[in-house]
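Here is a short briefing for a reader who is new to this structure. Look through the sequence and the model, then read on by topic.

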Amino acid sequence: MSTDIGAAHDFAERQVRIVDVAQRQIGIVRWRGDFYALSNICSHQGGPLCRGVLSGRLGATAPGEIVLDDTVPLIACPWHGWEFDVRTGRAILDPTLRVRTYPVRVAAGRVILDLDRVGAENVLASEA
Ligand code: FES
């Protein structure tokens with residue numbers, strides 16, 4: 001099922017907007033011009049993941065040399081702080097744990113969400 005969830009220009013950069021589609025809450029993220037969609041249900045204990053903080057990934061090249069990788073959008077769950085890669089739904093500390101992601105695209109200026117398929121890297125997600 002493909003669902004038009006709004007005009008692309010209405011989705012602010014580096015923000016999450018939660019939409020209700022087919023009795024699911026799905027967070028839509030616009031990051032560096034690309035769109036991503038992931039479940040609002042955290043795979044840890046079911047927290048409202050998409051109400052968490054969105055950021056780039058912090059890493060280190062050497063002790064004390066902190067680097068922000070702005071190409072990797074992360075979201076941190078507000079309940080216990082687990083972080084997930086928005087692009088794949090994988091947990092940062094344990095990539096075998098995921099939240100469900102969904103294909104999302106822009107066509108003729110509209111954001112289209114496809115609930116029939118899970119995201120390309122998320123075929124093992126367990127959410128029904
Ligand atoms: S419920 Fe999300 S980190 Fe625990």
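Strand β5 covers residues 53–62, and of its 10 residues the number buried is 0, so β5 lies largely in the open. Its partner is strand β6, residues 65–76, and the two pair in the antiparallel sense over 8 bridges. This is a predicted model.

**The hairpin of β5 and β6**
- Arg-57 has Asp-69 in β6 as its bridge partner.
- The hairpin has 2 residues between its strands.
- Gly-64 in this hairpin takes a positive phi near 85°.

**Overall build**
- The chain has 10 strands and 0 helices.
- Read from the N terminus on, the elements therefore run β-β-β-β-β-β-β-β-β-β.
- The radius of gyration is 14 Å, close to the 14 Å that the globule rule gives for 128 residues, so the chain is as compact as a globular protein of that length.
- Along the principal axes, the C-alpha atoms fill a box of roughly 45 × 30 × 25 Å.
- Buried residues make up 30% of the 128 in the chain.
- Take the contacts between residues at least 6 apart in sequence: 47% of them join residues at least 24 apart.

**The sheet of 4 strands**
- This open sheet has the order β2-β3-β4-β8, and its pairing is antiparallel.
- β2 (15–21) and β8 (101–102) are the edge strands, and each pairs on one side only.
- β2 and β3 are joined by 7 bridges in the antiparallel sense.
- Ile-18 stands opposite Gly-27, which belongs to β3.

- β9 and β10 run antiparallel and are joined by 4 bridges.
- Ala-107 has Arg-110 in β10 as its bridge partner.

**The nonpolar core**
- How many residues does the largest nonpolar core have? The count is 22.
- Among the residues with the most contacts inside this core are Ile-28, Tyr-36, Leu-49 and Leu-113.
- The elements that give two or more residues to the core are β3 (24–31), β4 (34–39) and β10 (110–114).
- β3 gives the largest share, 4 residues.
- Leu-49 is in contact with Asn-40, Ile-41, Cys-42, Ile-75, Cys-77, Phe-84 and Val-99, leaving aside its neighbours within four places in sequence.

**Thr-3 in β1**
- Thr-3 lies in strand β1, residues 2–7.
- Is Thr-3 buried, exposed or partly exposed? Thr-3 has 15 other C-beta atoms within 10 Å, so it counts as partly exposed. Being buried would take 20 or more, and being exposed 12 or fewer.
- Thr-3 touches Val-21, Leu-113 and Leu-115, not counting residues up to four places away in sequence.
- Thr-3 and Gly-27 are 24 residues apart along the chain, and their C-alpha atoms are separated by 14 Å.

**Two loop residues with positive phi**
- Most residues other than glycine have a negative phi.
- Ala-22 has a positive phi, near 50°.
- Ala-22 lies in the loop between β2 and β3.
- Ala-22 counts as exposed because it has 9 C-beta neighbours inside 10 Å.
- Arg-32 also has a positive phi, near 55°.
- Arg-32 is found in the loop between β3 and β4.
- Arg-32 has 10 C-beta neighbours inside 10 Å, so it counts as exposed.

**Confidence**
- The mean pLDDT of the chain is 91, and 91% of the residues reach 70 or more.
- Where pLDDT is low, the predicted coordinates should not be read in detail.

Conventions: Residues are numbered from 1 along each chain as its sequence is written. This is a predicted model: local features need pLDDT of at least 70, side-chain atom pairs count only at pLDDT 80 or more; totals for chains, interfaces and linings use all residues. Two residues are in contact if their C-beta atoms, placed from the backbone, lie within 7 Å. A nonpolar core is a set of buried Ala, Val, Leu, Ile, Met, Phe, Trp, Tyr and Cys residues joined through C-beta atoms within 7 Å. The radius of gyration is taken over C-alpha atoms; the globule rule is 2.2 Å times the number of residues to the power 0.38. Two strands pair if DSSP finds at least two bridges between them. pLDDT is the predictor's confidence in each residue, from 0 to 100.
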